Amino acid sequence: MSGTDNHPNKQASAKAPSKTVLNLGNLPPKMKASELKTAAASYPRTPSRVNPNQPPWPAYRGYHEYSFAHATMGVRLPTILGKAIDDVWKTLNQETEEERIVDLINCIHRLEDLMGDLQGNSKLRPIVDDGAGDIALWNKEIAKFFRGKDFMNAPWLFAEAYKYRRLRECFSLSKYWVDYDVFFRQKCDTFSRSNQAVFELSQRFSQPHDLLASLGPEEKKEKLKLVFHELTQVCLWGNSTDLSLLIDMTEEDIRKLQSTGGDHLAATEKNILGNDLRALADYVTDIKGGRIDFVLDNAGFELYCDLVYADWLIQSGICSEVIFHGKKIPWFVSDVTKFDWNWLLNSCVYGQLFPDASDAEIDSLRTLGNRWKQYEKEGKWKYEAHPFWCTGYTFWDLHSEAPDLFQHLSDSDLVIFKGDLNHRKLTYDCHAPMDTKFPMAIGPLASEAGAPPVCSLRTIKSDVVVGIPSGVGEKLDEEEPGWKISGKYAVVLLSPGRPGEAPQFA
Ligand code: F6P
Ligand code: MG
């Protein structure tokens, strides 16, 4: 299908559909949650039989009505796409050059086609070769595992990632709009609406405290652990504000989610259902002058929390180097790209985002921003964006599909994966029993020689849950329906990996 004319949603193209009509005639019959539980008990699949269409435990798929996959594929993704189209119209209305306008209209046509494919539950076609380096990875995976599959019967993780790559294709085939980010406006907006938490942190951390100078070694270690314990939670709960879920938040809602005070953190620690914080603190506070990697999640406020945390890791002497891994393309609405990274650092130094802020508040933010830019110049902080992070592969395939990246990560003292999507990818986004040990759930990234220590800091916003004590999830299932998507609960999980061993590749 091409162009607007023969499009089923011609009139309402810029509006999110109120109801999505799906063509599910050829799908297998619906499975009930209880049947799926029985199936899950008889897994995992032997490693040689695991592939992207056959995860180690049963996959979530869009046609599973009881799962968040169903709501996402049927309602959330079309809504997100509708808003994206609105954003492009906004840009188009501000353009003056005819050639650029016509080029952008073609992007809108492609977006409308994508909306039609999503709502009509089309088969997943190969990505059009736009010259990008990830085409081979995408099209190989489609050809090998998803031929004939559609948006609703492919595993949810792949179908959802595929939609964001198709969104990219709408612009990458243009002449003038290759780097256009339909989510950029929204991403900037949440940061400027986060003033209270932004300044609470900047005023605490802008001046490096020499808090340890007067302490003996034991006291010093204890103090380091205490600060680490709290800051890790700030970094964790920073993940509550992801834009794909919280599209219509009020400022009051944001404030509640972003509260960073000690009492609040202590109260919310009980919501960390799988909690390796203590083991993590013991391990990290023993590192001296090491390297920690962040596989980033969302831009704006979450990134800001990550940077405050990474700054402290440098100031405390734990790290001499922090590597941040962001996305090459706009991804899952709010994920960090290089543009978002630059925007945040420059906004802290030069921005006028907070008209009601005091001089002291603005100064503290500027001090942080200047110090962060200096870290970048000195190479203490590095921003990288490997194409593998924006593929449909889970991290079980990182070792085989991106050996260079595995090798690179194996030199790290700790790789921190932020957020829900990274957690889904770590765990193959499948129906593992909730008490599955985290190292088992992440497969090769824990078991291969050279696997680095891995930590997942994730507020729970989708179905997969692992690493929690038996009985806890089952009780919540009974008492609090929807607990897996509320963002109220979290996990902090650690896998020791096999550091120090040389990675082996076939
Ligand atoms: O669309 C669902 C999802 O992929 C979930 O993983 C989560 O609800 C959200 O989008 C992304 O969350 P995060 O930004 O924490 O990865
Ligand atoms: Mg995200």
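**Architecture of the predicted chain**

Alanine 132 is located in the loop that connects helix H3 (98-119) with helix H4 (135-145). In this predicted model, alanine 132 has 19 C-beta neighbours inside 10 Å and is therefore classed as partly exposed, since a residue counts as buried if 20 or more other C-beta atoms lie within that distance. The C-alpha atom of alanine 132 is separated by 9.4 Å from that of proline 387, although the two residues are 255 residues apart along the chain. For the chain as a whole, 83% of the contacts with a separation of 6 or more are accounted for by residues 24 or more positions apart. The chain comprises 20 helices and 7 strands, and 46% of its 506 residues count as buried.

The 7 strands form an open sheet of mixed pairing, in which the order is E1-E7-E6-E5-E2-E3-E4. Strand E1 (272-275) and strand E4 (381-384) are the edge strands, each of them pairing on one side only. With direction ignored, neighbouring strands of this sheet are turned by 15° against each other on average. Strand E6 (residues 454-459) pairs with strand E7 (residues 490-495) in the antiparallel sense over 6 bridges. Across this pairing, valine 454 has serine 495 in E7 as its bridge partner, arginine 458 is partnered by valine 491 in E7, and threonine 459 by alanine 490 in E7. On the other hand, E5 and E6 run parallel and are joined by 4 bridges, with lysine 418 standing opposite leucine 457 in E6. E1 and E7 likewise pair in the parallel sense, over 3 bridges, and here glycine 274 stands opposite valine 491 in E7.

Both E6 and E7 are covered by other parts of the model. In E6, 6 of the 6 residues are buried; Val454, Ser456 and Arg458 point one way from the strand, whereas Cys455, Leu457 and Thr459 point the other way, and all are buried. In E7, 6 of the 6 residues are also buried, so this strand is largely enclosed by the rest of the structure. The side chains of E7 are again divided between two directions, with Ala490, Val492 and Leu494 pointing one way and Val491, Leu493 and Ser495 the other, all of them buried.

The buried residues of H14 are Ser364, Leu365, Leu368, Gly369 and Trp372. Viewed down the axis of H14, these buried residues fall within an arc of 130°, so they line one face of the helix. Such a pattern can be read against helical geometry: an α-helix has 3.6 residues a turn, so residues three or four places apart point the same way. The face of H14 that is turned away from the buried side carries the exposed residues Asp359, Ala360, Gln374, Lys377 and Glu378. The buried residues of H14 are covered by elements including helix H7 (195-205), helix H12 (301-315), helix H13 (338-350) and E4. Just after H14, glycine 379 adopts a positive phi of about 80°.

A further helix pair is formed by helix H2 (residues 68-93) and helix H5 (residues 156-172), which pack at an angle of about 10° with their axes 11 Å apart. Because angles under 35 degrees count as roughly parallel, H2 and H5 are therefore described as roughly parallel to each other. At this packing, Ala69, Thr72, Met73, Leu77 and Ala84 in H2 meet Trp156, Ala159, Glu160, Lys163 and Leu167 in H5.

Terms used: Residues numbered from 1 in each chain as written. Chains lettered and ligands numbered in written order. Predicted model: local features only at pLDDT ≥ 70, side-chain atom pairs only at ≥ 80, totals over all residues. Pairing = 2+ DSSP bridges. Axes fitted to C-alpha atoms, helices over the stretch in contact; angles between N-to-C directions. Buried ≥ 20, exposed ≤ 12 C-beta atoms within 10 Å, placed from the backbone. Arc of directions from axis to C-beta. Contact = placed C-beta atoms within 7 Å. Parallel < 35°, antiparallel > 145°, perpendicular 65-115°, else oblique.
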